[in-house]
Amino acid sequence: MVNTYKQLLEQWWQSRLQREQWVLIVLAIFVVSVFSYKTIWLGIKEENQLASMQLQNQIQQWQWLKGQIHQIQTLQPSNSDNNKNQANSSASQLINRQAKRNNISISRFQQLNQKKINITIDETKYNLLIQWLLSLSEQHISIIKIQIKRLAKNSNNSGLVSARLTLEKK
């Protein structure tokens, strides 16, 4: 069956004038070139533009977080009477209590040991997060590791961040 189609195609090709054969060859080369350009080159160009946009977004986020370092660095524990009363509370109790007071919704809470806890916050306002961290530092809970990510900018979530933290009670 394939041979019959092949023979029919060869007969059709041989029945064309040499000038027509050259036109068909040039047309085939042109179609293959356009197809290659559309699929390969434009695909690479589109991916490059997407990667460039993502890089710019990450740079903006890094610059924004870099500008917020001063607020985070001011989180130093203080010695108040309230802290001494709560010294016997567990780290998880203190963290949960302060989260409720500061309207922070903890989405993941993982106790690593008696003093260390991993916390994930999917969405909160940046200022509330900083206030919460300040209140935790006053309770002698320090930040071991922190990762804050600004959520996508639009009018509905201005100033919203997500955070991953490792906290430790001293």
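Analyst: Happy to! Of the protein's 170 residues, 25% count as buried (under 20% relative accessible area with a 1.4 Å probe and protein chains only; exposed is over 50%, and partly exposed lies in between). This is a predicted model, where local features need pLDDT of at least 70 and side-chain atom pairs pLDDT 80 or more, while totals for chains, interfaces and linings use all residues. Residues are numbered from 1 along each chain as its sequence is written, and side-chain values use heavy atoms, with hydrogens and water left out.

The protein exposes about 12700 Å², and carbon and sulfur atoms supply 54% of that (Shrake-Rupley areas, 1.4 Å probe). Among contacts (heavy atoms within 4.5 Å) between residues at least 6 apart in sequence, 63% join residues at least 24 apart.

Now for the inside. The largest nonpolar core has 20 residues (buried Ala, Val, Leu, Ile, Met, Phe, Trp, Tyr and Cys joined through side-chain atoms within 4.5 Å). Those that touch the most other members are Ile95, Ile119, Leu129, Trp132 and Leu167. Two or more residues each come from H5, strand S2 (116-125), helix H6 (126-138), strand S3 (141-150) and strand S4 (160-169). H6 gives the most, six residues.

Leaving aside neighbours within four places in sequence, Ile119 is in contact with Ile95, Ile106, Arg108, Phe109, Trp132, Ala163, Arg164, Leu165 and Leu167. Among these partners, Ile95, Trp132 and Leu167 are also on the list of residues touching the most other core members.

Next, see how H5 meets H6. Their axes come within 10 Å and cross at roughly 140° (lines fitted to C-alpha atoms over the stretch in contact, with angles from 0 to 180 degrees between N-to-C directions). On the H5 side the contact is made by Leu94, Ile95, Gln98 and Ala99, and on the H6 side by Trp132, Ser135 and Leu136.

Gln98 is found in helix H5 (residues 91-101) and is buried, with a relative accessible area of 5%. The side chains of Gln98 and Ser135 are joined by a polar contact of 3.1 Å (N or O atoms within 3.5 Å, where within protein one must be able to donate a hydrogen and the other to accept it, and sequence-adjacent residues count only through side-chain atoms on both sides).

Asn103 lies in the loop between H5 and strand S1 (108-111), and His140 is in the loop between H6 and S3. Most residues other than glycine have a negative phi. Asn103 has a positive phi of about 55°, and the phi of His140 is also positive, near 65°. Asn103 is exposed, with a relative accessible area of 60%, whereas His140 is partly exposed at 29%.

Definitions and conventions
Helix = DSSP H or I, 4+ residues; strand = E, 2+ residues; numbered from the N terminus.
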